[in-house]
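Please look over the sequence and the model before reading on.

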Amino acid sequence: MDRKLLDILCCPASKQPLALLAGDDLARLNRAIAAGGIVRADGSAQAEALSEALVTRDRRTVYRVDDGIPVLLADEALDTSQVADFPR
């Protein structure tokens, strides 16, 4: 993801800055998705693993990145409290 773009992006709900989700945390999230335990804010299941994602500063919300394009829709956000032992 382009660094200049990342510097200006923020969460549409909380207005917190966003950062790339690190490899270990992304892997932890993808394991939870594979286990079928992750739903989006709108209640729909997140069925596909994420290749790239953005996380809010407080690490409570994750937004997926599809083909290099951030999907910053509050209804499609993932709450990290659904992931066991997700670091804060």
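Which side chain meets that of Asp58 in a salt bridge? The partner is Arg60, at 3.8 Å from N to O; a salt bridge here is a side-chain nitrogen of Lys or Arg within 4 Å of a carboxyl oxygen of Asp or Glu. The model is predicted, so local features need pLDDT of at least 70 and side-chain atom pairs count only at pLDDT 80 or more, while totals for chains, interfaces and linings use all residues. Residues are numbered from 1 along each chain as its sequence is written, and side-chain values use heavy atoms, with hydrogens and water left out.

**Overall fold**

- The protein has 2 helices and 5 strands, taken as DSSP runs numbered from the N terminus (helices: H or I, at least four residues; strands: E, at least two).
- From the N terminus on, the order of the elements is α-β-α-β-β-β-β.
- The radius of gyration is 12 Å, in agreement with the value near 12 Å for a compact globule of 88 residues; it is taken over C-alpha atoms, and the globule rule is 2.2 Å times the number of residues to the power 0.38.
- Along the principal axes, the C-alpha trace spans about 35 × 25 × 25 Å.
- Of the 88 residues, 39% count as buried (buried is under 20% relative accessible area, exposed over 50%, partly exposed in between, with a 1.4 Å probe and protein chains only).
- The protein exposes about 5,100 Å², of which carbon and sulfur atoms supply 51%; areas come from the Shrake-Rupley method with a 1.4 Å probe, and for residues only the protein chains shown count as cover.
- Among contacts (heavy atoms within 4.5 Å) between residues at least 6 apart in sequence, 54% join residues at least 24 apart.

**Salt bridges**

- The whole structure holds 6 salt bridges.
- In the Asp58 pair, Asp58 is partly exposed at 29% relative accessibility, and Arg60 is partly exposed at 49%.
- Arg28 and Asp25 form another salt bridge, at 3.0 Å from N to O.
- Both of these residues lie in helix α2 (residues 23-34), 3 residues apart, which is about one turn of the helix.
- Arg28 is partly exposed, with a relative accessible area of 24%, whereas Asp25 is buried at 10%.

**Arg64 and its surroundings**

- Arg64 forms a salt bridge with Glu76, with the closest N and O atoms 2.5 Å apart.
- Arg64 lies in strand β3 (residues 61-66) and Glu76 in the loop between β4 (69-70) and β5 (78-79), so the pair ties together parts 12 residues apart in sequence.
- Both Arg64 and Glu76 are buried, Arg64 with a relative accessible area of 14%.
- Salt bridges with shared partners join Arg40, Arg64, Asp66 and Glu76 into one network.
- Leaving aside neighbours within four places in sequence, Arg64 is in contact with residues including Arg40, Gln46, Leu50, Glu52 and Glu76.

**Cysteines**

- The model has 0 disulfides, a disulfide being a pair of cysteine sulfur atoms within 2.5 Å.
- Cys10 is in no disulfide, and the nearest cysteine sulfur, that of Cys11, is 7.2 Å away, too far for a bond.
- Cys10 is partly exposed at 31% relative accessibility, whereas Cys11 is buried at 2%.
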